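Subject: Structure handover

Hello,

Here is the structure I promised to pass on. Please open it first, then read my notes below.

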Amino acid sequence: MTDARSALATRGSGAPVVVVKGVSKTFESSGGRTTALENIDIAVAPGEFVSLIGPSGCGKSTLLRLIGDLTAPSAGSITVNGKPARQARQDRDYGIVFQAPVLFDWRTVQANVALPLEVKGLARSEREDRVKATLDLVELSDFARHYPYQLSGGMQQRVSIARALALRPSILLMDEPFGALDEMTRERMNSEVQRIWEQTSTTVVFVTHSIPEAVFLSSKVVVMSPRPGRIVRVIDIDLPRPRTDDTRETARYFELITAVRETLRGRAGRETPGDVASAERTLAEGAVG
Amino acid sequence: MKATGRLRSQLPALVVFVAVIVLWELVVAGLNLQQFILPRPSAIAAAFVANWDRLQLTAGNTLYEALGGLAIGATAGVLTAFAVARWQRVREAVLPIAVGASAIPIIAAAPIMSNWFGILNPFAKMAIVILLVFFPMLVNVARGLSQVDESAVELMRASAASDGQVLRKLRIPNALPYFFTGLKISTTLSLIGAVVAEYFGGSNDVLGRVIVQSSSQLRFDITWAAITVTAISGIAMYLVALALERVVIPWHASQRSGET
């Protein structure tokens, strides 16, 4: 725990892990050209927990996929750990969690977690040690030999988080990981992620459209607007850590939720009515789940 | 517990089967039907016992054609499926033809195969079976190899997996349920193909010829006995494929009924 605390103390300082500079992304289709992202600049410091939030179509998932080199930018550059995103992906610098758990049906829980370790070519004994340690971390050791279909949705997503952490990546990319879960499970998973984040020194980039989730988890919330996707404002979340269920009832928590909400709405207010509607839809989703 | 449970679940089917046999026997006796219209089950059983040696020999030869054709055709179908899944161009060229070809009544080509390979050559029958099972195997396995969850491919890319690793760890396991779907269709098809191809002539020591000859002599008790042997062989082949599936892909949804 001392290690984790000293790691916490140094969080947010040092050379940035992710640098996004002047990035734009356009998609060509038969219907014409869509600008998903326009002139995005972000830097993520080591150990930070950064959430990208905004209504549908603001390009938050696209930005995450650009950082992970799952798609290429139309303009600008992305640097991860001081190297181009492609190199970082090939060096296995990050782990990724999607909205769906994407577990392989034919593999047990432990074999699913071992997948990236096998791909990297680690020896069996090392794989077994890492799988055991990672399953301990997400508290699923009792289910190591179960198949995915025998687990609940929340547990499946925990397996997928374990798989992303198995290689001990310096960055964890999470694309609306709890969007498909009910509110109760979601809150539990948020506490879980926050505990895992505190125990490891991983930097997290987290895409969500839930305002409470973003505020509870993050050290920084990046508020985005759609058509074209832009960054409206970056809000620092200064809630003390460790954050617990009690944090969700503090005045500061509600202040910050309001700040994020008003940023989303304020931006929409100055834009077209269509944007108001989509921003408010997001707010409704944020409030409910 | 499990064995008695399984027996209980299959009991209704067993009861219906026995009832049909008994009803059949009673109807034939009651209506005084001639044996060349519909023989009694007891007469068929007698013919079965009396012709056991010949039925055994002919069933062996027919199964040789069916299983040989199944093995060659399925292997060729699977190999072609890999090429189809690997190269976009091959896929675009081959798949539409394969889907179309599986709708052709290939059995009609049996006389041509006899002409090509010799009427007494068992391979002439195997060739029909090969053609019959090739397309369903190709189409199913190609689908399984290429219809992979897009996120799963991205996950592999995020782990910097090579194409070979994506194939071995994702595409092939994903294709296994499709392979077994194709195999189960093919076991039935292979026996139908072999028996019907035999109708068009060739060696007399095969089930298809026993059926043709006995019926032309109005010995329908023997015809029914031969059909029963064909049916049992087909069911046995299907059950072997089913058992294989259960062992190889216990994780698949089709295998999970009654669990958890």
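First, the ground rules. This is a predicted model, where local features need pLDDT of at least 70, side-chain atom pairs count only at pLDDT 80 or more, and totals for chains, interfaces and linings use all residues. Residues are numbered from 1 along each chain as its sequence is written, and chains are lettered from A and ligands numbered from 1 in the order in which they are written.

**Chain A**

Chain A has ten helices and ten strands. Both are DSSP runs, numbered from the N terminus: helices are H or I with at least four residues, strands are E with at least two. Of its 289 residues, 47% count as buried. Buried means that 20 or more other C-beta atoms, placed from the backbone, lie within 10 Å of the residue's own. Two residues are in contact if their C-beta atoms, placed from the backbone, lie within 7 Å. Take the contacts in chain A between residues at least 6 apart in sequence: 71% join residues at least 24 apart.

**Where A meets B**

Chain A gives 18 residues to the contact, and chain B gives 18 residues. On the chain A side, α3 (85-90) and α4 (109-120) each supply at least two residues. The largest share, three residues, comes from α4(A). By class, this side of chain A has twelve nonpolar, three polar and three charged residues. Here Ala, Val, Leu, Ile, Met, Phe, Trp, Tyr, Cys and Pro count as nonpolar, Asp, Glu, Lys and Arg as charged, and the others, Gly among them, as polar.

**Helix pairs in chain B**

Two packed helices are described by the angle between their axes and the distance between the axes. Axes are lines fitted to C-alpha atoms, for helices over the stretch in contact, and angles run from 0 to 180 degrees between N-to-C directions.

Helices α2 (residues 41-50) and α10 (residues 220-248) of chain B come within 8 Å, axis to axis, and cross at roughly 75°. They are therefore roughly perpendicular to each other. Angles of 65 to 115 degrees count as such; under 35 is roughly parallel, over 145 roughly antiparallel, and the rest oblique. The residues of α2(B) that meet α10(B) include Ala43(B) and Phe48(B). This contact has seven nonpolar, one polar and one charged residues.

α3(B) and α9(B) pack at an angle of about 130°, with axes 7 Å apart. That makes α3(B) oblique to α9(B). Arg54(B), Thr58(B), Ala59(B) and Thr62(B) in α3(B) meet Leu207(B), Gly208(B) and Val210(B) in α9(B). By class, three are nonpolar, three polar and one charged.

The buried residues of α9(B) (residues 207-216) include Arg209(B) and Ser214(B). Their cover includes α3 (52-86), α8 and α10 of chain B. Just after α9(B), Leu218(B) takes a positive phi of about 55°.

Of the 14 residues of α4(B), the number buried is one, so α4(B) lies largely in the open. α4(B) bends by about 30° at Val94(B), and Pro96(B), a proline, follows within four residues. The bend is the angle between axes fitted to the seven residues ending there and the seven starting there.

Leu189(B) lies in α8 (residues 163-199) of chain B. Leu189(B) is buried, with 25 other C-beta atoms within 10 Å. Not counting residues up to four places away in sequence, Leu189(B) touches Leu132(B) and Val133(B).

Best wishes

Technical notes:
Buried ≥ 20, exposed ≤ 12 C-beta atoms within 10 Å, placed from the backbone.
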